[in-house]
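Look at the model first, then read on.

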Amino acid sequence: MEAGRTAAFDCLWCGRSWQARSAGDLEAWARLCPDCLGRAGENAFLRFRLKRALVERAAAAGTEAREGAGAALSPHEGGGQEPGAHADEAAARTGADGDPSAVLEDWYLRRGPFAGGPLQDVAWQAELDAAGRWLEGLALGPRIVEFADGTGWWSPLLSSVAELWTFAGRPADLERTRERLLAHGLRAHLHVRDAWAEPAPPAAPADALFAAFAFGRLPADRWPAFAALARRWLRADGTLALVEVGSIAGPVAPDAGAARAPAGLPTPLDGAALREALAQAAFRAVDITAPGRSLLLVRATA
């Protein structure tokens, strides 16, 4: 860990004073403000700082998990934990006194029980970055409906390109999304709403519908019904955009992080089966790509 790392710092590139939400945020590890961090793909120094921060943060998270729970190292690349290690620890956080969204946040960040080792965690972060670039490149809008995943992970990106309506089933999930949006100086329409409720104005019909890991948290026999609901949210020629865990064709073995996911977190799915469910719901031009070994990026036209 970089000595003296704090939540408040002066950006190493532009000199801007920045206050991260915590010393564990990626900005604090890299000592780069969000604007400079977002340009890491264009600048060698910024890219170096980002990669170094990812490696150091992943290593620190892995160390904390091993020291806190006495986990044994696995023999696989990167020195990560055995799949299944600390599953009960993560599951406990979804209990009466826990927050399932906090578990999902840890899963996104490969933090604590979900750390797979520096190399695996950097690869995972690279896939998330690729998914963000893909989503931004879709040019969705002008009105986007988002079925929130409980963390608001994708909401700032969506809100920065269009009018965003975000729905979640719990007020706590929307509060986490609100905090993320405020940290980026962005706004959106945030409403508590059952994901299975029928579309209604003024959010519908939407130009685009986005959901992260929605199908991966449903049994496969409910995919056609959920795909049909997504279709009803969209105007003619509207765009459905999904981020899921899985493979383009056939079953997939979960990665180190996903293998430890407790109930309620996404499980790997078969991209071919998802394509069929979307086709049954009258989606056209279904395109499924994989930026790495874990994620699926899905685009379809209503």
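The model is predicted.

**Asp149**

Asp149 sits in the loop between strand E3 (143-147) and helix H7 (155-159). Polar partners exist instead. The side chain of Tyr108 makes a polar contact with the side chain of Asp149, at 2.3 Å. A polar atom of the Asp149 side chain also lies 2.9 Å from the backbone nitrogen of Thr151. Beyond four places in sequence, Asp149 is in contact with Leu104, Tyr108, Trp154, Ala212 and Arg217.

**Helix H5**

Helix H5 spans residues 100-109. It is largely enclosed by the rest of the structure, because 9 of its 10 residues are buried. Among them are Leu104, Glu105 and Tyr108. Leu104 and Tyr108 are also contacts of Asp149. Arg110 follows H5 and has a positive phi, near 50°.

**Salt bridges**

The whole structure holds 8 salt bridges. Three of them are tabulated here.

| Pair | N to O distance | Relative accessibility |
|---|---|---|
| Asp25 and Arg21 | 3.3 Å | Asp25 14%, Arg21 52% |
| Arg180 and Glu105 | 2.7 Å | Arg180 8%, Glu105 8% |
| Glu198 and Arg232 | 2.8 Å | Glu198 43%, Arg232 44% |

Arg180 and Glu105 meet in a salt bridge. That pair links distant parts of the chain: Arg180 is in helix H8 (residues 171-183), Glu105 is in H5, and they are 75 residues apart. Arg180 is buried, and Glu105 is buried too.

Glu198 and Arg232 form another salt bridge. This pair also joins distant parts of the chain, 34 residues apart. Glu198 lies in the loop between strand E5 (189-192) and strand E6 (206-212), while Arg232 belongs to helix H9 (residues 223-233). Glu198 is partly exposed, as is Arg232.

In the remaining tabulated pair, Asp25 counts as buried, whereas Arg21 counts as exposed.

**Nonpolar patch**

Which residues form a nonpolar patch on the surface? Leu12, Trp13, Phe45 and Phe48 do, with about 380 Å² of accessible area together. Phe45 lies in helix H3 (residues 44-69). Phe45 counts as partly exposed because its relative accessibility is 33%.

Notes: Residues numbered from 1 in each chain as written. Predicted model: local features only at pLDDT ≥ 70, side-chain atom pairs only at ≥ 80, totals over all residues. Heavy atoms only, no water. Helix = DSSP H or I, 4+ residues; strand = E, 2+ residues; numbered from the N terminus. Polar contact = N/O pair within 3.5 Å; in protein donor to acceptor, adjacent residues only side chain to side chain. Contact = heavy atoms within 4.5 Å. Patch = residues over 30% accessible without salt bridge, like charges linked within 9 Å, V, L, I, M, F, W, Y side chains within 5 Å. Areas by Shrake-Rupley, 256 points an atom, 1.4 Å probe, with all protein chains shown as cover. Salt bridge = Lys/Arg side-chain N within 4 Å of Asp/Glu carboxyl O. Buried < 20%, exposed > 50% of the residue type's maximum accessible area, 1.4 Å probe, protein only.
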